[in-house]
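Opened the model today to look at some helix packing and then at the ligand shell. My notes follow, in the order I looked things up.

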Amino acid sequence: MGLFHEMLGDNESLFKNEEALDYEFVPKLLPYREQQQKHIARCIAPLLQGRQGENLFIHGAPGIGKTAALKWVLRDLEEETEEVVPVYINCWRYNTSYKIILELCHEMGYRFTQNKNTGELFNILKERCNKSKGVVLCFDEVDKLEDYDFLYLLCEEIYKKSIFLITNYKSWLLELDERIKSRLNSEMLEFKPYTKEETTGILKERVAYAFVDGIWQDTALALVITQTDEVKDIRAGLYMLKEAGREAEKKASRKILPEHAQTAVLKLKEFHTKKQEDLYDEEQFILNIVKTHSPHKIGDLFKIYQEQGGNGMYKTFQRKITKLAENKFISAQKTSGGIEGNTTIISFETTKKLSDFNDASDAK
Ligand SMILES: Nc1ncnc2c1ncn2[C@@H]1O[C@H](COP(=O)(O)OP(=O)(O)OP(=O)(O)O)[C@@H](O)[C@H]1O
Ligand SMILES: [Mg+2]
């Protein structure tokens with residue numbers, strides 16, 4: 001009795017609005033980040049009065065609302081005025097000065113970019129930006145940049161602007177070229193991980209957006225919350241909410257039960273914040289070498305890299321290794337003493353641990 005009543009029909013769904021679990025989804029309200037949003041807004045505010053904006057360096061661990069907070073403020077700005085133009089660029093996607101300037105031209109409404117070099121494009125951009133009342137230029141994931149000459153150009157040639165640089169690594173910002181750093185003259189804004197109460201609030205709110213009312217059993221949701229709090233990454237929480245919902249649907253259950261949440265927790269182990277396919281060829285090439293020879297000393301890996309046709313300098317190789325280590329594709333362990341003296345041992349990591357996302361890397 002009630003057996004079939006407990007099961008989902010063909011065209012029934014536990015999700016009310018599954019898109020609300022997408023990582024790009026910007027919720028109507030962004031609780032617990034009011035202070036940071038105000039700070040960002042204060043940097044932009046002078047532009048509205050025709051004055052010079054302020055720049056800001058934003059840093060913090062993955063999945064704790066840096067991009068969301070910034071986008072939220074930009075959306076608010078767009079609703080407020082058309083005179084100050086916000087532009088958001090992800091440097092993982094646009095990772096060279098040329099690509100960024102090209103994209104900025106597109107964002108500023110200039111389309112005839114074919115066959116123009118960086119200098120020509122920049123002149124057009126400069127004219128467009130300087131004609132506006134002000135521009136807000138946001139560069140997210142700046143540590144993925146291959147070069148950052150454009151920053152120097154923007155500092156020098158665009159008058160009314162606010163520049164935001166966002167990264168997981170405070171060290172990247174501290175080690176930025178002095179010429180650029182002194183020109184940007186930015187304050188630092190740190191995003192700290194959410195507390196368990198905050199994580200609970202965020203996930204419960206998202207459940208209300210995304211799912212049909214009352215279908216989450218309390219213990220199942222508690223499991224997802226605890227796990228999210230452990231890895232300190234809201235994205236992991238959103239992922240588990242979605243997976244648990246799908247699992248329950250697959251089992252034709254009308255409720256999301258602890259067993260469905262448990263399956264989602266296990267799936268989390270496969271979860272990678274930055275996917276391997278997103279790596280550039282050279283990094284992928286180096287990663288494969290590390291994979292085949294793990295664990296190995298960095299100097300020896302460089303030799304193998306050269307033997308296999310790699311033609312980067314040692315410094316460049318070392319930088320790529322640092323980047324792979326920072327993104328937890330590999331680990332780099334410094335050893336000292338012993339017959340070898342000081343060296344770094346590089347190992348391939350099969351699963352990235354979201355929880356041990358450290359600011360600095362060891363592969364120096
Ligand atoms: N306070 C919040 N309220 C609601 N949702 C949030 C909040 N903070 C983060 N999120 C959600 O968590 C997810 C991850 O946040 P976001 O993309 O801003 O992380 P991030 O700090 O930029 O991470 P990364 O450094 O990896 O880019 C997003 O889907 C975002 O909407
Ligand atoms: Mg982000």
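Started with H9 and helix H11 (residues 258-268): they pack at an angle of about 20°, and their axes are 8 Å apart. An angle under 35 degrees counts as roughly parallel, so that is what I call H9 relative to H11. The crossing of H9 past H11 is right-handed. I noted that this is a predicted model.

Next I turned to H9 (residues 218-231) against H10, where the axes come within 8 Å and cross at roughly 150°. Angles over 145 count as roughly antiparallel, so H9 gets that label relative to H10. H9 passes H10 in a right-handed crossing.

On the H9 side of this contact I found Ala220, Val224, Gln227, Thr228 and Val231; on the H10 side, Ile234, Ala236, Gly237, Met240, Leu241 and Ala244.

Last, ligand 1. Which residues come nearest to it? Of the 21 around it, they are Pro62, Gly65, Thr67, Ala68 and Ile234. Helix H2 (66-80) and helix H10 (234-250) each supply at least two residues of the shell. By class I get 12 nonpolar, six polar and three charged residues around ligand 1. Why do I place ligand 1 between domain 1 (34-190) and domain 2 (195-268)? Because both domains give residues to its shell.

How values were computed. Residues numbered from 1 in each chain as written. Chains lettered and ligands numbered in written order. Predicted model: local features only at pLDDT ≥ 70, side-chain atom pairs only at ≥ 80, totals over all residues. Near = placed C-beta within 6 Å. Helix = DSSP H or I, 4+ residues; strand = E, 2+ residues; numbered from the N terminus. Nonpolar A, V, L, I, M, F, W, Y, C, P; charged D, E, K, R; others polar. Domains from an automatic or database assignment. Axes fitted to C-alpha atoms, helices over the stretch in contact; angles between N-to-C directions. Parallel < 35°, antiparallel > 145°, perpendicular 65-115°, else oblique. Left-handed = near helix turned anticlockwise from the far one by under 90°. Contact = placed C-beta atoms within 7 Å.
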